[in-house]
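This note concerns the salt bridges of the structure shown below. Please read the points alongside the coordinates.

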Amino acid sequence: MGLNSSSKHDLEDFRSYILVEKNFSKHTAKAYYSDILDFLLWLGETPIENVNFSKVREYLHFIQKFNYKKTTIARKIASLRTFYKYLYREKKVDSNPAMNLNSPKRPRQLPKFLTPYEVEQILNNIKIDTPAGYRNKAILELLWATGMRVSELSGLNFEDLNLANNEIRVFGKGSKERIILVTDRAKTYLQRYIDTARPLVAKGFRVENNEDSPVFINNTGYRLQTRTIRNVINDVVEKIQLPKHVTPHVFRHSFATHLIENGADLRVVQELLGHASISNTQIYTHVSSQHLKEVYNETHPRA
């Protein structure tokens, strides 16, 4: 059974809402869109305005047979809440029937991180004998030095750089602006990339240096995509046979973990990471404590 025209219209408007107004990532927006599409298909001829709390619970009971993970169920509930919140704002429903749903408790997993030695292994094994190689070196040095998200790094424009003060402006989730700090080492690689390597990365193509031009570009002169950055990390990790799954977010976790281990104030780390809530940052104190226990057990003679 397909969707009626009204449901199709609401679904497409919802996608625009979460992409443009809520500034969800494309990945998250795609997941939410898929969740609501499944829900609307299940509703069939039932109008969205006739859905109440019991109907939503009935749907959740229905999808139990698919044996989804708790994290997936939690996301589907979040999708329903957001969808009906949007409909309520548009005055298409009188209330949000998903508002009081209880999400399954997600298992708390400690974030994976790299030791400083492992980070140096990665950074020291990036080939810099080509313009693209030097660009990659600058990228990973910057990820390690700042803890920024890979999407934030990909989105950097020249107007965001204030290297004279070792500062970079980034736009995080929800387009929230913040200032992050850059080490002298990372700044040096970044400046050399801009001055010497960047004009050669896209040889034969016109490369702009305007304020709104992307800092990191591909071989055709366009903005470097996050997938390429992930591939760069994968290639180096495979080369040095590091027995860990390393992503750009692991660099971010490593940045935060080592700041906490070396005595950084939790509020400062929260500000640097761009976390909306301190609770999101507090997990790194648990990581740090776990690491201390491991070191203690490995090194104390009577442990």
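1. Glu12 and Arg15 form a salt bridge whose closest N and O atoms are 2.7 Å apart; the term denotes a side-chain nitrogen of Lys or Arg within 4 Å of a carboxyl oxygen of Asp or Glu. Both residues belong to helix H1 (residues 5–21) and are 3 residues apart, about one turn of the helix. Helices are DSSP runs (H or I, at least four residues), numbered from the N terminus.

2. The model is predicted: local features need pLDDT of at least 70 and side-chain atom pairs pLDDT 80 or more, whereas totals for chains, interfaces and linings use all residues. Residues are numbered from 1 along each chain as its sequence is written, and side-chain values use heavy atoms, leaving out hydrogens and water.

3. Glu12 is partly exposed at 34% relative accessibility, and Arg15 is partly exposed at 31%. Here buried means under 20% relative accessible area, exposed over 50%, and partly exposed in between (1.4 Å probe, protein chains only).

4. Lys76 and Asp38 meet through their side chains in a salt bridge of 4.0 Å, N to O. Lys76 lies in helix H4 (residues 70–89) and Asp38 in helix H2 (residues 26–43), so the pair ties together parts 38 residues apart in sequence. Lys76 is buried at 6%, while Asp38 is partly exposed at 31%.

5. Arg185 and Glu141 form a salt bridge, with the closest N and O atoms 2.8 Å apart. This pair links distant parts of the chain, Arg185 in helix H8 (residues 184–201) and Glu141 in helix H6 (residues 131–146), 44 residues apart. Glu141 is buried at 2% relative accessible area, and Arg185 is partly exposed at 35%.

6. Salt bridges that share partners join Asp35, Asp38, Arg75 and Lys76 into one network. The structure holds 16 salt bridges.

Technical notes: Helices (H or I, at least four residues) and strands (E, at least two) are DSSP runs, numbered from the N terminus.
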